[in-house]
Amino acid sequence: MERKERPFDVIGQLAALRRYARSLVRNSDEAEDLVHDALIRAFEKRQSFRRAGNLRTWLLSILHNAHIDRVRQSRSLIRRHDEAAAQADQSLPAGQEHAVRLKQVREAFFELPEEQREALHLVAIEDLSYQEAATALGIPIGTLMSRISRARAQLREFEEGAPRKKHLRLIEGGGNENN
């Protein structure tokens, strides 16, 4: 007597996986990436799936574990960046005023969310065009522009909150006014 096995039908579970991923990461692009990673893991581990088991539950579990791994990886990356920044701070003496100010700006830059920091770094420091930076990050140009805009806004807020030197003054319009 031949036993009929249920097919490994992950396509029928995509809607549930996408909904759960969106609720975990709160970003549809990241949710799609998370679902993709989970499906790759599921495919690689398909031999461990018990045919009598619930495929949906198994896939949601893999998705959840993939999310936890991403969160841990992100935290690890942040910790490494913080440690690298601390090491760099030890090697740079802040003997002059501009060195102290540069350190403050650098710290504000490192406090930006990772995706904003990456985008701003590629455009402002590496001098890539918006299109080149978007391609390098694998995101749409509009997303890149949005991230850069938010990063610059946060740095402006930092700048407005920082004490200003009284001997410096802001000159509007690039100095072409007739005053």
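**Ground rules.** The model is predicted, so I note that local features need pLDDT of at least 70 and side-chain atom pairs count only at pLDDT 80 or more, while totals for chains, interfaces and linings use all residues. Residues are numbered from 1 along each chain as its sequence is written, and side-chain values use heavy atoms, with hydrogens and water left out.

I looked up the largest pocket and found a volume of about 950 Å³. A pocket here is an open set of points on a 1 Å grid over the protein atoms alone, where a 1.4 Å probe fits, with protein on both sides within 12 Å along at least five of seven lines; lining residues have an atom within 4 Å of a point. The volume is the space filled by probe spheres set on the points, which are joined across faces, edges and corners. Of the 28 lining residues, Glu30, Arg70, Ser74, Glu114 and Glu115 sit closest to the centre. Helices H2 (28-44), H3 (55-91), H5 (114-125) and H7 (141-161) each give two or more residues to the lining. H3 gives the largest share, 10 residues. Helices are DSSP runs (H or I, at least four residues), numbered from the N terminus.

**Helix H1.** Next I checked H1, residues 14-25: its 12 residues reach 16 Å from first C-alpha to last, close to the 16 Å expected at 1.5 Å a residue. The expected span is 1.5 Å times one less than the number of residues. Which residues of H1 are buried? I found Leu14, Ala16, Leu17, Ala21, Leu24 and Val25. They cover an arc of only 160° around the axis, so they are on the same side of H1. That arc is taken from the directions from the helix axis to the C-beta atoms. Buried means under 20% relative accessible area, exposed over 50%, and partly exposed in between (1.4 Å probe, protein chains only).

**Positive phi.** Arg26 follows H1, and its phi is near 60°, positive in a residue other than glycine. Arg26 is exposed at 74% relative accessibility. Asp127 also has a positive phi, about 60°; Asp127 lies in the loop between H5 and H6 (130-137) and is exposed at 64%.

**Aromatic rings.** I got 2 aromatic pairs. Rings of Phe, Tyr and Trp (its six-membered ring) pair if their centres lie within 6.5 Å; planes under 30 degrees apart are stacked, over 60 edge-to-face, and the rest tilted. Phe49 and Trp58 are tilted, 5.0 Å centre to centre with 45° between the planes. Phe109 and Phe110 are edge-to-face, with centres 5.9 Å apart and planes at 70°.
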